[in-house]
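Student: Could you take me through this structure? I want to know what lies behind each label.

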Amino acid sequence: MIKSDIVRRTATFSQARWSRDSLDREVLFFGVSRTLPAVERRDLSKFTNKNVIYDDSKISALSEHASACISRILGKDVSRYRVVMNHDNGDVTLFTGETNIGEIFSEFHFGAGESSVIKMVNAIEIAQSNALILIEEIENGLHPIAAIRLIEYLINAAEEKSIQVIFTTHSEHVVSCLPPEAIWAALDGKLQQGKLDIMSLRMLTGDVGEKLAIFVEDEFAKSWVYSILRTNSKIAIDAIQIYVMGGDGTAVTVHRNRQKDPVTKIPSICIIDGDSRQLECLDNGIFRLPGEAPEQYIFDSVNEKIDALIAILTVRLSQKVESQNQVKNCIEELSISNMDHHLLFVQLGAKLGFLSESVVLEAYLSTWCEANPQKVEELLSSIWKHLPLL
């Protein structure tokens with residue numbers, strides 16, 4: 001075949017009842033140029049002339065629903081904002097605002113993030129069902145809270161209008177409010193699905209100096225593993241970084257993929273929860289924490305020896321030594337009343353004077369490690385050959 005030949009293929013298969021035409025849909029693209037100052041945007045250049053005249057017939061209010069959504073995202077009332085339509089094709093070309101005292105101002109006085117949100121939401125509200133929305137660097141120009149609210153709006157819009165939204169981001173705030181299955185990270189030309197935080201991405205691309213990476217399912221497991229590592233003074237904890245993967249499946253998958261990567265510089269292991277359905281495999285560096293339902297396991301294990309541990313636990317919970325009986329009563333009450341083991345340490349903190357969850361959690365984990373040296377040693381022995389030592 002000559003290289004210059006063109007090979008034409010069609011995606012239409014009448015017998016299979018599938019056609020490319022069925023995928024035709026409206027596509028809206030919002031690039032980073034949307035956050036440029038209005039004076040630098042080409043689409044607004046025609047309005048820089050002081051002699052421009054606005055035709056009242058081309059000016060209309062934002063829809064009530066769009067106005068409500070934008071107001072929530074930006075945290076300000078935009079009910080008096082207006083839309084200026086293009087004289088030629090009817091497309092939106094400019095937005096205007098109005099102050100509380102009735103002064104009108106144009107998009108040239110908007111903030112870049114404000115203009116971006118209004119433009120996107122207004123366009124999405126009038127988009128067709130099944131539309132594809134593409135947004136580049138969605139957090140650009142937005143306060144973290146506004147970025148989170150924008151994501152919440154997009155999730156609702158996707159469900160209500162049956163649209164698909166794809167966006168890129170470098171923001172931890174944006175990633176944090178998405179379900180793991182909605183997140184894809186590009187790593188060395190390969191896509192990895194799952195909730196990866198920014199530190200995890202830095203490690204996966206080799207942009208850190210640690211000597212060992214440990215992948216775990218959630219923040220609780222991260223705190224637990226750190227507590228176990230701190231029990232042995234020979235371990236170089238500063239050379240170890242624990243990464244939360246937002247799920248046991250993601251933790252195992254990322255770890256296995258790193259093992260297959262010939263250019264990986266930082267070795268890794270994976271430590272899954274006791275109730276994980278993933279398979280433990282010591283030879284492949286996949287280990288398991290003890291117990292079922294991690295929070296419940298730690299809580300119950302300490303409480304089983306509460307009479308012997310109450311003094312040290314009380315101090316670690318930032319309570320006075322003489323209040324041991326009060327602390328013990330709170331723990332016993334919570335053991336009976338709790339309906340969700342994920343909230344055990346939050347609820348105990350509230351009972352003890354609104355202590356932060358982290359304080360209560362660290363108190364229980366440290367106490368558990370001291371009270372269960374055999375369990376601690378079992379895990380450390382299994383991962384010992386992987387650990388960097390002082």
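Predicted model: local features only at pLDDT ≥ 70, side-chain atom pairs only at ≥ 80, totals over all residues.

Student: What makes up the protein chain?

Tutor: The protein chain has 13 helices and 13 strands. Of its 390 residues, 42% count as buried.

Student: Why is C270 called buried?

Tutor: Its relative accessibility is 0%. Buried means under 20%. So C270 counts as buried.

Student: And why does C330 count as buried?

Tutor: C330 has 10% relative accessibility. That is under the 20% cut-off, so C330 counts as buried. As for disulfides, the structure holds 0.

Student: How do you know that V321 is partly exposed?

Tutor: V321 has a relative accessible area of 45%. V321 sits in the loop between helix 9 (306-316) and helix 10 (324-337). With I312 and V315, V321 forms a nonpolar patch on the surface. Together they have about 230 Å² of accessible area.

Student: What makes K76 and E114 a salt bridge?

Tutor: Their closest N and O atoms are 3.1 Å apart. The rule asks for a side-chain nitrogen of Lys or Arg within 4 Å of a carboxyl oxygen of Asp or Glu. K76 and E114 therefore form a salt bridge. K76 lies in the loop between helix 1 (64-74) and strand 3 (82-85), and E114 in helix 2 (residues 112-125), so the pair ties together parts that are 38 residues apart in sequence.

Student: Why is D307 called exposed?

Tutor: D307 has 59% relative accessibility. Exposed means over 50%, so D307 counts as exposed.

Student: How many salt bridges are there by this rule?

Tutor: The count comes to 7.

Student: Which residues touch the most other members of the largest nonpolar core?

Tutor: I214, L229 and Y364 do, out of 49 residues in that core. Helix 12 (residues 357-371) gives the most to this core, with 8 residues. Apart from it lies another core, of 36 residues, including V83 and M120.

Methods:
Residues numbered from 1 in each chain as written. Heavy atoms only, no water. Core = buried A, V, L, I, M, F, W, Y, C linked by side-chain atoms within 4.5 Å. Buried < 20%, exposed > 50% of the residue type's maximum accessible area, 1.4 Å probe, protein only. Helix = DSSP H or I, 4+ residues; strand = E, 2+ residues; numbered from the N terminus. Patch = residues over 30% accessible without salt bridge, like charges linked within 9 Å, V, L, I, M, F, W, Y side chains within 5 Å. Areas by Shrake-Rupley, 256 points an atom, 1.4 Å probe, with all protein chains shown as cover. Disulfide = S-S within 2.5 Å.
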